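Colleague: Could you give me a close look at one part of this model, the place where its pieces meet? Please carry on from there to whatever packs alongside.

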There are 2 protein chains.
Amino acid sequence: MKSEFDLIAALVERLPPPGRQVRLGSGDDAAVTEPSERASATSVDSVVDGVHFRLGEFGARAVGRKALASALSDLAAMGAEPGEAYVALGVPEGLGDEALVELADGLAEVAEREGVSVAGGDVTRAPALSLAVTCVGHEPVGSAFVTRSGASPGDVLAVTGSLGGAAAALRLLGEGARAGESGGEVRDRLLARQLDPHPRLEAGRALAGAGVSAMIDVSDGVGADAGHLADSSGVQVQIDAWLLPVAEGVRELAGSDEAATAMSVSGGEDYELLVAVPRERLDDARTAAGDYGLTEIGRVIEGEGTYVLAPDGRELEPGGFDHMRGSGSG
Amino acid sequence: MKSEFDLIAALVERLPPPGRQVRLGSGDDAAVTEPSERASATSVDSVVDGVHFRLGEFGARAVGRKALASALSDLAAMGAEPGEAYVALGVPEGLGDEALVELADGLAEVAEREGVSVAGGDVTRAPALSLAVTCVGHEPVGSAFVTRSGASPGDVLAVTGSLGGAAAALRLLGEGARAGESGGEVRDRLLARQLDPHPRLEAGRALAGAGVSAMIDVSDGVGADAGHLADSSGVQVQIDAWLLPVAEGVRELAGSDEAATAMSVSGGEDYELLVAVPRERLDDARTAAGDYGLTEIGRVIEGEGTYVLAPDGRELEPGGFDHMRGSGSG
């Protein structure tokens, strides 16, 4: 194991050079960024070995990717343009330098793809591998940040892309599946939902521009996240479970339509965007979502709480991932 | 244990209301801050139970104080005006809600005293209590940020306040001393160096205004931190060990002058400010340091590395705290 200072230097070397807005990057007491005429959005997201991933199943590179991608997903949900990321890395005794370099390569891969500067951070000893990532973004030009609290009765509830894939991937990884094996294209796409999640940054900015009234990323599960949106907006949200865009391969893995629906409702970590949008702006929002697509899954009405409805009118549990309990909670 | 979301709400309630520059605080995907005409400095600092503190010795409130204070110390070393803090909290199984509330109270105490808004954060399960704190500050009006890299041959090396107290406090805590016992004023002041460190924010801004050429906070130990300054500036730094301002009570605890010097050189976590300053500005810098005082401890010359000299001309080990090794190294 290198010393703290050699290690930081080795990790920084793997990262892409910071953007021009970073006047002073890693290596001083603080990073310095240029003034901005736009408001900033700042999000914090942590991942911990054994809670949000298992290092043995993911590999260090995928851990680096997931840590940065999940933090950026919060910025996507604001419609923000990403700027800088700051990484607090906790390293357990016995984790080799090679794994740390792979981790930095995973961070670098996402930083480069998403146009983010890793401008600073901190490395310390910790009992388990952990990354707390703080991301700073800027208000998009021509539109405002979108919060969770702007939904109004009458709005349509819609979600980008597909759901349940990340939960399915966790199961596959737990059963011993690994990326790059010849498990077929569908399985690889599922695994990528955990090993290489793509935050919906561009779609988020476009959705902000299209005039959605509220937005949140699907990290706890669409049922739980709809609940956060409902609570913040002071409205009731109803999801028609049969409308949920279940990811390809989830039905087969789950074994039944019902299990696939449950996985899609409460699985979490799909990092799609859930929006409330006035009906008359739905077409614009659909265009904004681009190739990911935007599926209408329910409605916003007066009242409170979240209701996930089955075709027979039964109410399903919204469930969701509670990061304090470390598992899905009913 | 409350759920993740109830817990966050309970913790946020303990914190002072965010300042006016925070447009949107905790509770959405990201916090939103107003545009700033000044450059920003962002620092990250983590503390982990068993590495940077022992919960049983510190108590949760002191952990909260130390986590925020140590992160702010990096901003002090830039001469920054503090703005917002973001806290990623890792909570071990079995830590009660009461301890978490105390922790939040400790954060709140420092946030209020130092004029910082805790604008966002994240709570997750973790194997040990840990806080990764990201602090954002602004360039001081009328002067620029001070980096580690501006020292020039001929500069005087000087340090605010006193050294060795934090290391002495760690020893006292390890021996069973607790705050508020009747151990006398000197002992309480020593304990406070760990349990209630005060970042030198105001002094840092004043020193920036007084034209110091380089600045760093003493977190790894003055020997090691002088080394960082020397490396960044491309100069050699010499410290005359007999000039070090050893904190009151350290000599008695250490048992000898030599041991007290060693504690002051390599102890770390004193959160004083180490500056390089042109001789003609030393008086201004002294005034800037205010009640803490500023002690001349050495010089900057051409060359590289750090030399800590004993009165007999011997060279002492600069040592210092390596957060990857979890103990003094060297």
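Modeller: Happy to! Between them, chain A and chain B bury about 4,600 Å² (accessible area to a 1.4 Å probe that is lost on being put together, summed over both), and carbon and sulfur atoms carry 56% of that area. This is a predicted model, with local features needing pLDDT of at least 70 and side-chain atom pairs pLDDT 80 or more, while totals for chains, interfaces and linings use all residues. Residues are numbered from 1 along each chain, chains are lettered from A and ligands numbered from 1 as written, and side-chain values use heavy atoms, without hydrogens and water.

Chain A gives 63 residues to the contact (heavy atoms within 4.5 Å), and chain B gives 63 residues too. Six salt bridges (a Lys or Arg side-chain nitrogen within 4 Å of an Asp or Glu carboxyl oxygen) cross the interface of chain A and chain B. For a pair to look at on your screen, take R23(A) and E139(B): they form a salt bridge whose closest N and O atoms are 3.6 Å apart.

Over all chains, the count of salt bridges comes to 46. Another of these joins the side chains of R65(A) and D196(A), at 3.7 Å from N to O. R65(A) sits in helix α3 of chain A, whereas D196(A) is in the loop between α6 (185-195) and α7 (201-209) of chain A, so this pair ties together parts 131 residues apart in sequence.

In chain A, α3 (residues 60-76) packs with α4 (residues 97-114), helices being DSSP runs of H or I with at least four residues. Their angle is about 40° and their axes, lines fitted to C-alpha atoms over the stretch in contact, are 6 Å apart. From α3(A), the contact includes R61(A), V63(A), R65(A), L68(A) and L72(A), and from α4(A) it includes E102(A), L103(A), L107(A), V110(A) and E114(A). By class, ten residues of this contact are nonpolar, two polar and six charged (Asp, Glu, Lys and Arg are charged; Ala, Val, Leu, Ile, Met, Phe, Trp, Tyr, Cys and Pro nonpolar; the others, Gly among them, polar).

In chain B, helix α3 (residues 60-76) packs with helix α4 (residues 97-114) at about 40°, the axes being 6 Å apart. That makes α3(B) and α4(B) oblique to each other. Among the residues that meet there are R65(B), L68(B) and A69(B) in α3(B) and D105(B), G106(B) and A111(B) in α4(B). The contact of α3(B) with α4(B) holds ten nonpolar, two polar and six charged residues.

Helix α7 (residues 201-209) of chain B packs with helix α11 (residues 282-289) of chain B at about 160°, with axes 8 Å apart, which makes α7(B) roughly antiparallel to α11(B). A203(B), A206(B) and L207(B) of α7(B) make the contact with A285(B), A288(B) and A289(B) of α11(B). This contact has six nonpolar residues, no polar and no charged ones.

Terms used: Axes fitted to C-alpha atoms, helices over the stretch in contact; angles between N-to-C directions. Helix = DSSP H or I, 4+ residues; strand = E, 2+ residues; numbered from the N terminus. Buried area = accessible area lost by both parts, 1.4 Å probe. Parallel < 35°, antiparallel > 145°, perpendicular 65-115°, else oblique.
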